[in-house]
Amino acid sequence: MKDFSLSDVRLFTKAAQLGGLTPAAEVLNVPKASASRQLQRLEATVGHLLLHRGATRFALTEEGREFLAAAQHALTILDDVMLDLSSEGDAVTGRLRIAVPHYYGRELLMNHLPAFMTAYPRLEVTVETGRDRADLFHDGADVAIRCGREGSDELVVRHLKQEPLMLCAAPAYLARHAPVQGLPDLAVHRFLTTDAGGRKREISLATVEKTHQMRVESVFRSDDPEMVLRLALSARGIALLPVSLARPQIDGATLVPVLPSLALKPHDIDLSYLPARRNTPKIKTFVDYFLAVFRSA
C-alpha cells in the first residue's frame with residue numbers, strides 16, 4: 001500500500017468543503033500550482049479520479065465521495081489526538097462532540113452540562129440534537145446518548161437511567177372515541193409513537209412481561225417525543241410518551257392516562273462510545289462525570 005501525504009489529504013477535504021482548489025489553497029496557504037500537483041499526486045496514490053474539475057464544473061466523483069468520508073473521519077481523529085497530546089499537565093482539552101436525541105439530550109444534559117463545562121473550561125463542547133442512532137464509526141461524534149440498545153453491539157455502552165413510559169391522550173380525543181379498558185380496545189384508535197419500526201397501522205407495545213404487536217386505526221411516528229406530545233394535546237390520538245415529558249400535562253389535566261395500570265417496559269438511556277477511544281481523556285472525563293451524576297441521583 002502506498003503512503004499518503006497528510007497535506008495532500010487535507011487539501012482534498014478542504015477543496016471538497018469549499019467547492020474548489022483555489023479557495024482551499026488560499027485557506028491552507030498553498031500555491032495554486034502546487035495545489036494542483038498535490039491533488040494529482042493524491043489521485044495517483046489512490047488510483048482513482050477524486051474530483052471532476054474544469055472551468056465550469058467542480059464535483060466529487062463516486063470514488064471521491066467514498067474517500068472523503070474516510071479522510072474526514074481520519075483527520076478528525078488525528079486533530080483530536082494532537083489537541084489531547086498538546087494539553088498542559090492534566091488539563092482536559094480538545095473538542096468533544098456529543099450526539100443526542102431531541103428531548104433526552106435537553107433533559108439529561110442541560111441540568112448538568114453547565115457544571116461540567118465549568119469544571120473543564122478548556123474543553124470545547126458541541127452538542128448535536130436529533131441523533132438517536134448516530135453512527136460513531138462515521139459521523140464524527142465522540143459520545144452518543146441513545147434511547148435503546150439497537151445497533152450498539154460494537155460500542156461500549158454505559159447505562160445512565162431508565163425512562164418510564166405511559167399511554168395518555170387529551171380528554172377531547174377520548175370523549176369522541178370508544179373507551180379503552182384493555183389492550184384489545186386500542187385497535188380502533190389512532191396511535192402516536194416515537195417507535196420508528198412496525199408496518200403500516202401496526203404498533204409494538206412492550207410491557208414488562210411481553211411485547212404486544214397490534215393493528216390500530218392509524219399510526220403517527222416521529223423520533224421527537226415533543227412532537228408526539230403536541231399532537232396528543234391537539235387530540236390527534238393516544239400517545240406513548242416518557243413520563244417525565246407527559247407528567248406536567250397530566251398534572252394540569254390537559255392529558256389523562258390511558259390504561260394506567262399497564263406496566264410498560266421503560267426505555268434504557270445509555271452512553272455509547274467506540275472501544276478504541278475509551279481512554280481518550282476527553283471521553284473518559286465526560287463519561288465518568290455523567291455516570292457519577294446519575295449514580296448519585
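Trainee: Where does Tyr120 lie?
Mentor: Tyr120 lies in the loop between α6 (113-119) and β4 (123-129). Helices (H or I, at least four residues) and strands (E, at least two) are DSSP runs, numbered from the N terminus. Before going on: this is a predicted model, in which local features need pLDDT of at least 70, side-chain atom pairs count only at pLDDT 80 or more, and totals for chains, interfaces and linings use all residues. Residues are numbered from 1 along each chain as its sequence is written, and side-chain values use heavy atoms, with hydrogens and water left out.

Trainee: Why is Tyr120 called partly exposed?
Mentor: Buried means under 20% relative accessible area, exposed means over 50%, and partly exposed is in between (1.4 Å probe, protein chains only). Tyr120 has a relative accessible area of 26%, so the label is partly exposed.

Trainee: Which residues does Tyr120 touch, not counting those up to four places away in sequence?
Mentor: Val92, Thr285 and Tyr289. Contact means heavy atoms within 4.5 Å. As for Lys282, 162 residues apart from Tyr120 along the chain, the two C-alpha atoms are separated by 9.4 Å.

Trainee: What makes β9 and β10 a pair?
Mentor: Two strands pair if DSSP finds at least two bridges between them. Strand β9 (residues 202-206) and strand β10 (residues 211-215) have 5 bridges, in the antiparallel sense, so they count as paired.

Trainee: In what order do the strands of the open sheet of 5 strands come?
Mentor: The order is β11-β8-β12-β7-β13, with mixed pairing.

Trainee: Why are β11 and β13 called edge strands?
Mentor: β11 (218-221) and β13 (256-257) each pair on one side only. For β13, the pairing with β7 (residues 165-169) is antiparallel over 2 bridges. The definition asks for at least two, so this pair qualifies. Within it, Cys168 stands opposite Pro257 in β13.

Trainee: Which strands does helix α8 touch?
Mentor: Helix α8 (residues 225-233) packs on the sheet and touches β8 (190-193), β11 and β12 (238-242). Its direction makes about 140° with that of β12. Axes are lines fitted to C-alpha atoms, for helices over the stretch in contact, and angles run from 0 to 180 degrees between N-to-C directions. Helix α9 (residues 243-251) lies across β7, β12 and β13, at about 120° to β12.
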